[in-house]
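The sequence and the structure come first.

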Amino acid sequence: NGEAVVLIEGEEYGRYPLSKDQTVDIPGLLGTNVLTIENESAHMSMAVCPDKICMEFGKIHYNTEMIVCRPGSIVVIIENGDTSELDAVQ
């Protein structure tokens, strides 16, 4: 099953199975963001930075999909997730 792997400043903060609905507080450089895992996908449900771009990534669940919060130095990447049927975008 897939996992959401949270990195803060490039260091692993935690691994959270997509099969378990939960919220995770992530202490980034600017404050605490909130990652929500539900229905076997993950999304950033709250961000403390002004632009909140990481919230626009939407729900992720495919292998290697990621959410990036540059100001907070937070990355969420899916490992062992579903395989996308899409090979390339033109």
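N39 sits in the loop between strand 4 and strand 5, where strands are DSSP runs of E with at least two residues, numbered from the N terminus. The model is predicted: local features need pLDDT of at least 70, side-chain atom pairs count only at pLDDT 80 or more, and totals for chains, interfaces and linings use all residues. Residues are numbered from 1 along each chain as its sequence is written, and side-chain values use heavy atoms, with hydrogens and water left out.

N39 is not a glycine, yet its phi is positive, about 55 degrees. K52, also a residue other than glycine, has a positive phi near 55 degrees and lies in the loop between strand 5 and strand 6. Buried means under 20% relative accessible area, exposed over 50%, and partly exposed in between (1.4 Å probe, protein chains only).

| Residue | Relative accessible area | Class |
|---|---|---|
| N39 | 64% | exposed |
| K52 | 33% | partly exposed |

Leaving out residues up to four places away in sequence, I26 touches V6, I8, G31, T32, N33, L35, M44, I74 and V76, a contact being heavy atoms within 4.5 Å.

L30 belongs to the loop between strand 3 and strand 4.

How values were computed
Helix = DSSP H or I, 4+ residues; strand = E, 2+ residues; numbered from the N terminus.
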